[in-house]
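Here is a short briefing on one structure. Have the viewer open as you read.

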Amino acid sequence: MIEYLIKDPQGNRNRLEIDDDMSWMIPYLMVAKRKGVPIWRIGQIKGYVIPEGKAEGQQAQIFINENGKKYTITMLKQKQVMGGDGRRQKVVAYQDIEDAYAFEDTLLTLAHELMHLVEWNHTADHLILTAKLFLAFARFAKKQGYEGYAD
Ligand SMILES: [Zn+2]
């Protein structure tokens, strides 16, 4: 767990706890902040794995904490690999998320979740905001030397 202090527009420092294996997001959170996303409202970013026997759903979620003030973002960090014969599929392995999804999918997921801080519902506006942030993320990734991937 890494702890960051993120300033809000009033200059208050807000604590963000982020799992070590999610810490790659930090520079992208700063990009989002520069684009006006109130990332200081996030209290925690956590990675999770779905146990065997439970179906994997979305790749990430955002929810408001019980205190009604801070948000938590959770993101899948390992993906279930199913196997076995046709009728009796079961989890045979877990694959790290960076191997299971292209980085662009992960960035799009992050942009989608962050934009819930601006527009909570899945409206057309949320989609447009997500697209704008995804573009900013893509430009930042290129500047950081992202070279894409081979099929
Ligand atoms: Zn959503």
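Helix axes here are lines fitted to C-alpha atoms over the stretch in contact, and angles run from 0 to 180 degrees between N-to-C directions. The model is predicted. The points below cover a helix pair, a nonpolar core and a hairpin.

**Helix packing**
- The axes of helix 1 and helix 4 come within 10 Å and cross at roughly 130°.
- Angles of 65 to 115 degrees count as roughly perpendicular and those over 145 as roughly antiparallel, so helix 1 and helix 4 are oblique to each other.
- Their crossing, helix 1 with helix 4, is right-handed.
- Helix 1 contributes Tyr28, Val31 and Ala32 to the contact, and helix 4 contributes Leu133, Ala136, Phe137 and Phe140.

**Nonpolar core**
- The largest nonpolar core has 23 residues.
- Residues with the most contacts inside this core include Tyr28, Ala32, Leu133 and Phe137.
- At least two core residues each come from strand 2 (13-18), helix 1 (26-34), strand 3 (42-48), strand 5 (71-76), helix 3 (103-115) and helix 4 (124-143).
- Helix 3 gives the largest share of this core, five residues.
- Leaving aside neighbours within four places in sequence, Tyr28 is in contact with Leu110, Phe137 and Phe140.

**Hairpin**
- Strand 6 (residues 78-83) pairs with strand 7 (residues 90-96) in the antiparallel sense, over six bridges.
- Gln80 stands opposite Tyr94 of strand 7.
- Six residues lie between strand 6 and strand 7 in this hairpin.
- Gly84, in the turn, has a positive phi of about 95°.

How values were computed
Residues numbered from 1 in each chain as written. Predicted model: local features only at pLDDT ≥ 70, side-chain atom pairs only at ≥ 80, totals over all residues. Core = buried A, V, L, I, M, F, W, Y, C linked by C-beta atoms within 7 Å. Buried ≥ 20, exposed ≤ 12 C-beta atoms within 10 Å, placed from the backbone. Helix = DSSP H or I, 4+ residues; strand = E, 2+ residues; numbered from the N terminus. Contact = placed C-beta atoms within 7 Å. Pairing = 2+ DSSP bridges. Parallel < 35°, antiparallel > 145°, perpendicular 65-115°, else oblique. Left-handed = near helix turned anticlockwise from the far one by under 90°.
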